[in-house]
Amino acid sequence: PKPVTTMLRSAALLSAIGAASAFAPMSIPSNRVAPKSSVTMQAMSDSVPFLKRPEKLDGSMVGDVGFDPLGFSNVADLKFLREAEIKHGRVAMLAAAGSMFQDIATDPSYTGIASGAKMTALHDTMVKQGAMGQILVWIGFLEVFGTMALFQTFDGNRAPGDFKFDPLGFGKKPEALARYELAELKNGRLAMLGVGGMVHGYFITGKGPIELLTNFQGA
């Protein structure tokens with residue numbers, strides 16, 4: 001009868017499938033997660049594309065472009081490094097402005113004291129007169145408060161370089177504050193390079209930055 005034939009055919013088909021499955025690759029159930037590749041591709045630095053981005057410079061800090069070719073971030077606290085960068089940038093901006101102002105205007109009383117010296121020659125003149133000792137004392141006094149603030153930074157109670165000095169209220173809005181923080185870093189970095197160039201230019205030519213630009217051929 002047809003029903004019996006159909007059942008026999010179905011049984012034979014199922015048997016063939018079962019026999020074939022015995023030779024199929026067996027999937028072993030496992031609760032283990034597939035191991036990740038042991039080789040992790042490290043991102044390249046944005047500022048130096050042929051160097052790897054330092055591990056600690058993950059872009060979370062304002063102005064971080066992965067620039068650390070000497071690996072300082074591997075041996076020192078990032079908070080300390082950022083504090084030092086901001087401080088040196090601020091000093092360099094003041095130094096750059098002062099170096100250029102000497103070529104634009106001069107106080108007659110200053111001329112009598114310093115005999116018209118500028119740049120590093122002014123430093124040497126002030127050392128001979130003893131004025132640099134007073135400056136050293138006052139700078140050391142300020143550094144005491146800077147060191148106390150740095151300990152607060154290490155404790156997480158203060159952002160690097162933040163002395164709450166904002167008399168004009170530029171940082172009242174968070175988006176404006178972030179923009180000004182980045183601007184300060186960029187200008188500070190540029191000033192550090194600029195002051196280095198101004199000082200070395202004075203070593204070679206004996207002229208200030210503005211004087212050298214306006215009388216370049218006579219240098």
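Predicted model: local features only at pLDDT ≥ 70, side-chain atom pairs only at ≥ 80, totals over all residues.
**Core, cavity and pockets of an all-helix chain**

Residues are numbered from 1 along each chain as its sequence is written, and side-chain values use heavy atoms, with hydrogens and water left out.

The protein chain contains 7 helices and 0 strands, taken as DSSP runs numbered from the N terminus (helices, H or I, at least four residues; strands, E, at least two). Along the sequence the pattern is α-α-α-α-α-α-α. Of the 219 residues in the protein chain, 21% are buried; buried denotes under 20% relative accessible area, exposed over 50% and partly exposed in between, with a 1.4 Å probe and protein chains only. Among contacts in the protein chain with a separation of 6 or more, 44% join residues 24 or more positions apart. The accessible surface, from the Shrake-Rupley method with a 1.4 Å probe, amounts to about 16700 Å², and carbon and sulfur atoms account for 67% of it.

The largest nonpolar core has 7 residues, namely Ala92, Ala96, Met119, Ala191, Val195, Met198 and Tyr202. H2 and H6 each contribute at least two residues to this core, and the greatest contribution is the 4 residues from H6. A nonpolar core is here a set of buried Ala, Val, Leu, Ile, Met, Phe, Trp, Tyr and Cys residues joined through side-chain atoms within 4.5 Å.

Points are joined across faces, edges and corners, and volumes are the space filled by probe spheres set on them. There is 1 cavity of 30 Å³ or more. The largest cavity holds about 50 Å³ and is lined by Glu85, Ile86, Gly89, Arg90, Met93, Glu184, Leu185, Gly188 and Arg189. Helix H2 (78-104) and helix H6 (174-205) each provide at least two residues of this lining, the largest share being the 5 residues from H2. By class, the lining of the cavity comprises 3 nonpolar, 2 polar and 4 charged residues (nonpolar: Ala, Val, Leu, Ile, Met, Phe, Trp, Tyr, Cys and Pro; charged: Asp, Glu, Lys and Arg; polar: the others, Gly among them).

The largest pocket has a volume of about 1400 Å³. Of its 33 lining residues, Ile86, Arg90, Gly161, Phe163 and Glu184 lie nearest the centre. H2, helix H5 (131-154) and H6 give two or more residues each to this lining, with the largest share, 9 residues, from H2. The lining of the largest pocket divides into 19 nonpolar, 4 polar and 10 charged residues.

The second largest pocket has a volume of about 620 Å³ and 20 lining residues, of which Phe67, Asp68, Leu81, Glu85 and Arg189 lie nearest its centre. H2 and H6 each supply at least two residues of this lining, and H2 gives the largest share, 5 residues. Its classes are 12 nonpolar, 3 polar and 5 charged.

Definitions and conventions: 1 Å grid on protein atoms, 1.4 Å probe; cavity = no way out; pocket = protein on both sides within 12 Å on 5 of 7 lines; lining within 4 Å. Contact = heavy atoms within 4.5 Å.
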